[in-house]
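Here are my notes on the model, for your review. Please read them with the coordinates open.

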Amino acid sequence: MKKIFTHLLLLAAFVFPSRAQEAADYTDGVFILNEDWFGHQNSTINFLRTNGEWEYRIFQKENPGKELGCTSQYGEIFDGRMYIISKQARDMGASVTGGRITVCDAKTLQCIKQLETIATDESGNSIADGRAFIGITPEKGYISTSNGIYVFDLKNLEIGNPIPDTGNDGGGLYSAQCGTMLYNGKYVFAIHQKKGLLIIDAEQDRVYRTIAAPTDTENGTEKPRGFGSIVQSKDGSMWLSVAADVSGRGATVDYFMKFNPETFDTTRVELPAGYGLPSSWYAWTADAFCASKQQNKLYWKKQSGWFTNSVICCYDIDKGVCSEFFDTQSIGWYLYCGAGFRLHPETDELYCSLYLDNLKQTYLTLRLSNTGEIKGQYEMIDNYWFPAMPIFPATDNTALDNVRNTAFTVYPNPATDFIHITLHEASTVELFDLSGKCVYRDRLPEGTTRISLSTLPSGIYLLKANHTIEKIIKP
């Protein structure tokens, strides 16, 4: 009898494996990417579950013996993978070398590959620190760095050629960096610290045009400004934060720029005194400047100093009204000086990284509704986390709008000129307007095909393939 019972236990263990043997699932919460304590340890990533529970240092947990690089500042989920970009591969106080680029499964955080360097000189020394990532197709992305933008082969996870005219002019690590990027289906719009807005032809990997930052006149003296970061609002417009100069020291001006990604026109939008947008080229971060995907609104951190920011500002695009949205000092905390906060693409809630003092190991993640109501406060264990930015697993930034299903994938969305559709098996593909009129029909093979939208008017369309329908937006 004892032998039979033992066999039953072994069978049960095989058929019903323990949870410890199951793959992790990081889809029911929010990632918080952290710089961690520079000079002492590599960066980390934590996960805040929807039930309010923290799971700490999950990359190390899922990949024993591996760590992220030094000063991780940017993370993005694209086509089922998370791309984490660090400034260097290893902190001077760490014993493990990570990577300037870390690629892992977005659901399980299992490491797929790490790249220690992005570009090197003839002696093998690094000449490009990591900044940000943008996905273009399942086969190609771009990596922005302190020294230009590089093509990234997403199939083989190898760094390709630098894009000409995006590099550093030799003035030092923090003089001519490239930062945040957006993609609209034809062009990548990338911020360059000195040159301004680079408009890059994403098929030919070349700079098509450059939009310089404005120049103002103060007391008879011309003052060249600089761009800080770029975001895209729900209506498809892009918005550029404006720095007082290109030094990267954080000085602001009381306006920002609206940019039309189709005509390349810019419009200056004045702000009330003291409402300038953040800019952090000196110690680069992705900036606390972001757009809602549910409302036509922009949010940013009012720049009042490196370590004493507490006011979140909101600009209602439709009404043309700027206001103070929330002051974290009302609950006794400051906004951390990195990206600070981001909006959940589906719930429209703000996840904000707060701290008490730069020399204290006390941190809190605050969750706010889109009306400024406190929905949750989640204290963290003591550590010098220095949060970089929230990353939301529910979104996949192959597009502004999350468009994924088991039958096919489509990107970008919204799109102005064309979309890419990737079919998992050959199918007839149809595109309908909201009146039910078919505006496109073709039998397409398995794989990726580009469909032109250039002749279609702005509006909402329905894409049908393999018995599945997805909404397509043309701004």
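Predicted model: local features only at pLDDT ≥ 70, side-chain atom pairs only at ≥ 80, totals over all residues.

The points below cover aromatic pairs, charges over rings, one serine and the nonpolar core.

1. Side-chain atom pairs count only at pLDDT 80 or more.

2. Aromatic pairs. The count comes to 29 aromatic pairs. Take Tyr26 and Phe31 as one of them: the ring centres are 6.3 Å apart and the planes meet at 50°. Stacked needs planes under 30 degrees apart and edge-to-face needs over 60, so this pair is tilted. Both partners are buried: Tyr26 has a relative accessibility of 1%, and Phe31 has a relative accessible area of 0%.

3. A stacked pair. Phe259 and Phe264 also form an aromatic pair. Their centres lie 6.1 Å apart, with 5° between the planes. That angle is under 30 degrees, so the pair counts as stacked. Phe259 is buried at 1% relative accessible area. Phe264 has 10% relative accessibility; the cut-off for buried is under 20%, so Phe264 counts as buried too.

4. Aromatic cluster. Which residues form one aromatic cluster? They are Trp37, Tyr336, Tyr355, Tyr363, Tyr384 and Phe386.

5. Charges over rings. Lys302 places its charged end over the ring of Tyr275, 4.1 Å from the ring centre. Arg450 lies over the face of Phe418, also with 4.1 Å to the ring centre. Both are worth a look in the viewer.

6. Ser310. Where does Ser310 sit? Its place is the loop that runs between strand 23 (297-301) and strand 24 (311-316). Buried or exposed? Ser310 has a relative accessible area of 9%, and the cut-off is under 20%, so Ser310 is buried.

7. Surroundings of Ser310. The side chain of Ser310 makes a polar contact of 2.8 Å with the side chain of Asp327. Asp327 is also listed among the residues that Ser310 touches, leaving aside those up to four places away in sequence.

8. Nonpolar core. The largest nonpolar core holds 75 residues. Phe31, Ile45, Tyr142, Phe152 and Leu197 touch the most other members. Strand 13 (residues 187-192) gives the most to this core, with five residues. As background, nonpolar side chains tend to be buried together in soluble globular proteins.

9. Phe31 again. This residue links two of the points above. Phe31 pairs with Tyr26 in the tilted arrangement, and Phe31 is among the core residues that touch the most other members. Its relative accessible area is 0%.

Definitions and conventions:
Residues numbered from 1 in each chain as written. Heavy atoms only, no water. Phe/Tyr/Trp six-rings, centres within 6.5 Å; stacked < 30°, edge-to-face > 60°. Buried < 20%, exposed > 50% of the residue type's maximum accessible area, 1.4 Å probe, protein only. Lys NZ or Arg CZ within 6 Å of the ring centre and 35° of its normal. Helix = DSSP H or I, 4+ residues; strand = E, 2+ residues; numbered from the N terminus. Polar contact = N/O pair within 3.5 Å; in protein donor to acceptor, adjacent residues only side chain to side chain. Contact = heavy atoms within 4.5 Å. Core = buried A, V, L, I, M, F, W, Y, C linked by side-chain atoms within 4.5 Å.
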